Amino acid sequence: MRLFISTTLALFTALVSSQRLTKPPLQQNLDNLKQGFIDNLKPVASTRTAFQAGYIPSDCKKIAQRESFNPADIQSWNVKYADCSAVWVFCYHKSSNGPLTDLIDRFGRLPVHTRQFSRHVVSLPATSGHAYNDGGNLVFFGDTLSNINVHIHESAHSLDLIGAFYPDKPLSSSTKWTNEYNQDSAVPDPYAQTNQVENVAQNTVVTTYERNVPGGFFGLNPNANKIFHQYATVDTEQRNADPASLLVPGGTCTGRLANSSPVPISGTATVQAAAAPNVALPAGLATIKAVAFNTNDTCHFS
């Protein structure tokens, strides 16, 4: 498994976020890919159990408070998929705009080697849908919890910014990516024009479709060659990654981002009725080193 450098990407994100792309969009959006994903990315069998009463993952508590929600309204669940020995802790607001089963189903359709680069999966209510990735925590607002495109897009930020695609360095800020991008005449859609971070994420959606849906993206759009070099770069990187074939289902997890520490739901230091749960990864499962980043300023994919 590749080693991943743990570093703060705030300066990098600020720099890349300021660089809006000028190439025209190939499509107005990628909504026409949703059904193909649902038909061909099958959900992995899963079970769920409630997180220890009185506790919440610390990352989930911080996200809830930052977004002006009461952590007491967050229901935390251990979700165990059949293809990984470790659980993912989901943090689901009781007033979310869709059922918990949809959140579990959509995340479980992602290839396991994509999923393993995400920490917690968070759902919060909102009148309009958007989402972002906070250091590997996927945060969904409104009805985006049920949108498979958004799950792939937000997970793609983890692959890019944590370094799964490109060793020790985000693909989106690499010279290699810039050189390949410069050979194309378009980007996938208007959202990809935001910056190279969002462009890599949208090209990952395209590549996931091409690799898993009969006919692929290039059979769907007759002008797809306008983004060929971007697609081919993501595809080559995901094939050559360790584990290989990040964007294709199959196999089992080879590593995981560590779960955040459990903390009391309440804001006091009151001793809980039960001991804090053990959230350590199972023995033998590699820990993927964390990277600090947050796409909230630019990632409002819906």
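This is a predicted model: local features need pLDDT of at least 70, side-chain atom pairs count only at pLDDT 80 or more; totals for chains, interfaces and linings use all residues.

Trainee: What radius of gyration does the protein chain have, and what would a compact globule have?

Mentor: With 302 residues, a compact globule would come out near 19 Å, and the protein chain has 18 Å, so the two agree. The C-alpha trace spans about 60 × 40 × 35 Å along its principal axes.

Trainee: How many helices and strands are there?

Mentor: The secondary structure comes to ten helices and ten strands. Let's pick out strand E4.

Trainee: Okay. Why is strand E4 described as largely enclosed by the rest of the structure?

Mentor: Buried means under 20% relative accessible area. Six of the six residues of E4, residues 88–93, are buried, so the strand is largely enclosed by the rest of the structure.

Trainee: Which residues point one way from E4, and which the other way?

Mentor: Trp88, Phe90 and Tyr92 point one way, while Val89, Cys91 and His93 point the other way, and all are buried.

Trainee: Now the neighbours. How many bridges join E3 to E4, and how many join E4 to E5?

Mentor: Strand E3 (residues 74–81) runs antiparallel to E4, with six bridges joining them. The pair forms a hairpin with six residues between the strands, and Val79 stands opposite Trp88 in E4. Strand E5 (residues 121–124) runs parallel to E4, joined by three bridges; here Cys91 stands opposite Val122 in E5.

Terms used. Residues are numbered from 1 along each chain as its sequence is written. Side-chain values use heavy atoms; hydrogens and water are left out. Buried means under 20% relative accessible area, exposed over 50%, partly exposed in between (1.4 Å probe, protein chains only). Helices (H or I, at least four residues) and strands (E, at least two) are DSSP runs, numbered from the N terminus. Two strands pair if DSSP finds at least two bridges between them. The radius of gyration is taken over C-alpha atoms; the globule rule is 2.2 Å times the number of residues to the power 0.38.
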